[in-house]
Amino acid sequence: MDLLLTAAQVALAPAALLAVLAGTLLGVIFGAIPGLTFTVAMALVVPMSFSLETAPAIGLLLGTYIGGMTGGSVPAILLGIPGTPSAAATVLDGYPLTRRGKASLALGTAVVASAFGGIVSLIVMVVSVDMVAKLALRFGPAETFGLLVFGLSTICGLAQKSLVKGLIAGVLGLMVMTIGIDEMEGVQRLTFGTVVMQQGISLLVAMIALFAVPHVIDAFVDHYTGGRRIEAVADVRAELPTIRDILRDFWLMLRCALLGTGIGAIPGTGGPIAAFLAYAHAQKSSKRPERFGKGEMAGVVAPETANNAVTGGAMIPLLSLGIPGDPATAILLSGLLIHGLIPGPMLFIQNPGEIYQIYLAIIVAYVSVVAIQLLGIRFFVQVLRVPAHLLAVGIIIMCAYGAFAIRNSVFDVISVAVLGAMAYGLMRVGIPLTPIILGLVLGPAIEREFRTAMILSEGDPSVFVGSLPAAVFLGLAVLIVGTQVVRATRATLSARRTEDKASASVTPSE
Amino acid sequence: MTKGIFASVLVSAAMAVGLAAPARAEFPEKPVEMTILFGSTAQTIGQLLADLMSKHMPEPVVPVARTGGGGAVGYQHVHGTAADGYNIVWNSNSISTSYHGGKIGFDHTAFQPIAKISVEVPAFAVRADSGWDSLADMAADIKASGAKLKVGASGKGSFTHLSTEAILAAVGLSDMAVHVPYDQGRAPVELIAGRLDAALQWPGQFISHHEAGTLKILCVTSAKRISQLPDVPSCAESGAEGLDLVMWRGLAAPAGTPPETVAKLEEAAKMATESEEFKAAAQTIGFEVDYADHAAFGELIARDDRTIADLMGQLGLKAQ
């Protein structure tokens, strides 16, 4: 208790509070601007944290991380462009909600769900860091592979109309991520002998291209052809969710929060995977699954709860094992190291005070995030008043800058243009873009886990069914794909039969 | 944050102006851009170094991350810039692994060394319950049992992979081991979980576990022990005779950079490495400050390049 009070004194000192608040604000801004992500924000903040005391430095970094994770939902809901890869699943129902004039309601719900997910994951972390870390250790390459394939099978649910088109999209996503140097064998793939292609396609670049560019092209096409003006959403009232709205989805939020924490704790996974799994779960467990994709609030609540729960989950292997789960936690790790905090089992023994400071900083960050976003909603929704073609210009500039900022590479800017044009083409022929993102996110991880598992087992594939978690996840994936294929075939067959009947019955029989 | 953006805007603006400026005054008259090739600790050290060097120069040194392709992208970028000292690279042995692995078409001679800054020494760890106290123990046990040793390191052709192979060769286990490539520092976790028998990574990833007794660091790959782990023997002491492999980091500019420009950067780098802040960071991040001037650094790079070329040749990884 003494330790907690001492930690509170340090973590709640004005300088530390200010640092968390500044970090959160920065994170929300970077997360909310399409093209800029919190990974970039964190990379910019790290050098600033060198000169700060430990508590404000931790607060600044954590605030940026958490603010960014939550901020990503703002453009996902308002514009249909996710601010971070983790918010890609939020687009599915968030954007339709905006089109139905429920933008501020969706934004408000999203931020509350985010904070709920984050706080639940923090509680799980405080209570059971050792146990969860031990469980996460059991997740080796084979088990993680199973989990990822299970995640990939949710493509079926996202494929909307055509299963085949969904699969085409998913495979395209998997293929794009093979470009570059294969880190395991050190060989070049699809680089055409050039050095620039060796860096491969960054996930962020692909995401900007897939979501933002088609949107922008659409806006211009509509403007110049004077076509349909579906973007004109007149209703921009700031309507906040009531407590009752939020409590209605309480159990869903709790389940998704635990799911997100679990996924976050497993190295090699991350926010986007958790968000998509949560979305699939929400759809499966819903009483009206047919309304998903058309503006169902549960479709916003689930991914937002899960992707923020990942923040707490990812802190478990980071703090207890010293393993960063994603690029953002890797940056956090170097920020901790420079202040002499070496994550690992000894951190809890040597620096218990700092551990409490980290916990408190996370709580403060979530409180600030809720405050900032709820206050900000009335300003955010004003974006919808801007004519679509003017907004598109702003978006494309931010995307070009954001793509460049990731690695200071012009190649990435060109990639956005090329991939974006391709994405627009795909969209026009009815290939859904979300499965591509799933392929992009999961592709490199699936390949890596599969190959590592095979190397470890010295080429024996039975490792994937030999361990219980792997077998369960792979079994579930087979089940999902199987039922979907059967359903799709049946639907096609019956459609054909009605067609046959229709053409046969030239003369009305009745 | 705005400082970073502002600085990069400054750099680009300065570049545009610099092209038009006719006569040139004394170096530096605009910010110097330091290309950083890797993320994580390499980036953190690079950022700190740039920050400290800026204090000893009239113009700032701006760190710019150009990661990707195992360093190839950044080397290519700096290689293509003018040899005027305004573009320098935070380099490492990766110049040799990238060249010999066939990722870039030029080798270390395309760069003018400025100064050696630091070394990082990989550590070799095993499970705490393995019962092995030295490399010799491990080798004897594996040879007796006939089971293959599973060793985790970074991807094929990386420095940690080459060091692993050098250790295995020195203890006669080259044919009795499986190299399992890992990224993002996952090897220690896999080792604790028992899926690996050994792992070679940077000490920072092991130290906390070593102290907690969840795994055991057998040795470090340098000829001498390191200050971070004074009780851990060198691999040579532990059974891998004559082994001495360290990863150096330093600064280089495109070949042909004027000597007086190199001297100025060298001086700023020297001052930075002598600062208390840099020494403190070395302890917490886990590297050894090891300054050497451009001449000594050049000799080291050339010597190391031959060692790496030999190693990669033996492993069938040499592409050119």
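**View 1. Domain 1 of chain B and domain 2 of chain B share zero salt bridges.** For a salt bridge, look for a side-chain nitrogen of Lys or Arg within 4 Å of a carboxyl oxygen of Asp or Glu. What does turn up between these two domains is two residue pairs in polar contact, both at pLDDT 80 or more. A polar contact is a pair of N or O atoms within 3.5 Å; within protein, one must be able to donate a hydrogen and the other to accept it, and residues adjacent in sequence count only if both atoms are side-chain atoms. H12(B) gives the largest share, three residues. Sorted by class, that side has four nonpolar, four polar and two charged residues. Here Ala, Val, Leu, Ile, Met, Phe, Trp, Tyr, Cys and Pro count as nonpolar, Asp, Glu, Lys and Arg as charged, and the others, Gly among them, as polar.

A quick note for every view: this is a predicted model, where local features need pLDDT of at least 70, side-chain atom pairs count only at pLDDT 80 or more, and totals for chains, interfaces and linings use all residues. Residues are numbered from 1 along each chain as its sequence is written, chains are lettered from A and ligands numbered from 1 in the order in which they are written, and side-chain values use heavy atoms, leaving out hydrogens and water.

**View 2. Stepping back, here are the two domains of chain B.** Domain 1 covers 2-120 + 247-314, and domain 2 covers 123-238; such bounds come from an automatic or database domain assignment. Their C-alpha centres sit 30 Å apart. Ten residues from domain 1 of chain B and eight residues from domain 2 of chain B make the contact, meaning heavy atoms within 4.5 Å. Together the two domains bury about 930 Å², 65% of it on carbon and sulfur atoms. Buried area is the accessible area (1.4 Å probe) that two parts lose on being put together, summed over both. Met247(B), Glu288(B) and Leu311(B) supply 43% of the area that domain 1 buries against domain 2, more than any other three residues.

**View 3. Now for the place where chain B meets chain A.** The contact takes 47 residues from chain B and 49 from chain A, and the area buried is about 4,100 Å², with carbon and sulfur atoms giving 62%. Two salt bridges are counted between the chains. Zoom in on the side chains of Glu185(A) and Lys156(B), which meet in a salt bridge at 3.1 Å, N to O.

View 4. Helices are DSSP runs (H or I, at least four residues), numbered from the N terminus. Leu107(A) has a relative accessible area of 3%, so it is buried; the cut-off is under 20% relative accessible area (1.4 Å probe, protein chains only). Leaving aside residues up to four places away in sequence, Leu107(A) touches Ser73(A), Val74(A), Ile77(A), Leu78(A), Ile377(A), Phe380(A) and Val381(A).

**View 5. Glu296(A) sits in the loop between helix H14 (271-285) and helix H15 (298-321) of chain A.** Glu296(A) counts as buried because its relative accessibility is 5%. Not counting residues up to four places away in sequence, Glu296(A) touches Asp93(A), Leu97(A), Arg288(A) and Arg291(A).

Methods:
Buried < 20%, exposed > 50% of the residue type's maximum accessible area, 1.4 Å probe, protein only. Helix = DSSP H or I, 4+ residues; strand = E, 2+ residues; numbered from the N terminus.
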